[in-house]
Amino acid sequence: MSDSSESASMHPIATPRKGAVARSVAAVDTLAERRLGPNLVTRDAQLSATSPDLDPFLMVSLYAMRGATFPPHPHAGFMVATYILPESEIGFVNQDSIGTRNRIAPGALHVTVAGRGVLHEEQPEVEGPLAQGFQIWIDLPEAQRERPPEALHLAAEQVPRLNLSGADVRVVLGSVAGVASPLALPTAVSLLDMTMPPQTRCELALPASDHAIVFMLGGTLDAGGLRAQAGQLLRTRADGDLLALAAGPEGARLIVFAGTPLPQPRLMHGPFVASHRQQLMRFAADHAAGRFGTLQPFGRAPAGRP
């Protein structure tokens, strides 16, 4: 497990206090499938003027991938996290221009802190079997946009888990009821991978001002008087300090993403996120001049793990 040398923030989720106020649900969105070439299908949620409740997440993308899709590409000004679902048939191979080359196994998390700029590539470790997981774009605090790039990794066996009112919870990022992930990021976020048996209820306490969304993978879930199912995103309002979840008769398979919003200027253009136009232009110029480094592409059909 790697840890960041820059300041890191832990996002705490506690057990509910007496008198906690349940947060309401703003909407249940059905996320359309997008096909990007022959090997990749995604369901995406993106931060926008009409969906500000994702902040500090810029994008949360559920993917199903059977082969190489993207060549080496740049990132700057934010973090790119890859979480491979434990049930995925295979993992990813990953590399970047600061010397990282590793496998992201099912159940593991890898974070590329792009900072002032890095080249990056990842793809399924073999062609054919299905790799399933999330790519998550997370904003950096404005003061850290141009920090040195860094790679952080959390192996599947390092992810702590607990039973919370019958729910099996993998604490990938953040902390729940005193159980903390060993990996803290520069931005305070939580990623909870949860499996809830049929008809169970689970309550999570978090700061009322924080944002929280629930990405449904299977079964059904009731929250705030609304029901969500696989392929849907449940968006909560920042109006209470209690997230109350109830699994339906089939149980529920879900991921909770939560975090402290970053009230800061933000310009997003392709693979760059900047605080102002001059910074955005500098990222583009540095990339064009080769200052993000170099990266030899993986073979198009990798034979195994690095």
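Two strands pair if DSSP finds at least two bridges between them. I noted that first, then opened the model, which is predicted.

**Entry 1**

I then asked which residue of β17 stands opposite S175. I found A180 there.

**Entry 1: salt bridges**

I turned to charged side chains next. Side chains of opposite charge can pair when their charged atoms come close. How many salt bridges does the structure hold? I have 15 in my notes.

**Entry 2: R282 and E146**

I looked at R282 and found its side chain in a salt bridge with that of E146, at 2.5 Å from N to O. R282 sits in helix α1 (residues 277–288), while E146 sits in the loop between β12 (131–139) and β13 (150–154), so the pair ties together parts 136 residues apart in sequence. I checked accessibility for both partners. R282 has 34% relative accessibility and counts as partly exposed. E146 has 32% and also counts as partly exposed.

**Entry 3: R253 and D193**

Here the side chains meet in a salt bridge with 2.3 Å from N to O. I wanted to know which strands hold the two residues. R253 belongs to strand β23 (residues 242–259) and D193 to strand β18 (residues 189–196), so this pair ties together parts 60 residues apart in sequence. Are R253 and D193 buried or exposed? I found both residues buried, and the cut-off for that word is under 20% relative accessible area.

**Entry 4: R161 and D168**

I looked up R161 and found a salt bridge to D168, with the closest N and O atoms 2.5 Å apart. R161 is exposed, its relative accessible area being 53%. D168, in contrast, is partly exposed, with 27%.

**Entry 5: a network**

Last, I asked which residues are linked in a network of salt bridges. I wrote down D55, D139, R145 and R266 as linked in this way.

Note on methods:
Residues numbered from 1 in each chain as written. Predicted model: local features only at pLDDT ≥ 70, side-chain atom pairs only at ≥ 80, totals over all residues. Heavy atoms only, no water. Salt bridge = Lys/Arg side-chain N within 4 Å of Asp/Glu carboxyl O. Helix = DSSP H or I, 4+ residues; strand = E, 2+ residues; numbered from the N terminus. Buried < 20%, exposed > 50% of the residue type's maximum accessible area, 1.4 Å probe, protein only.
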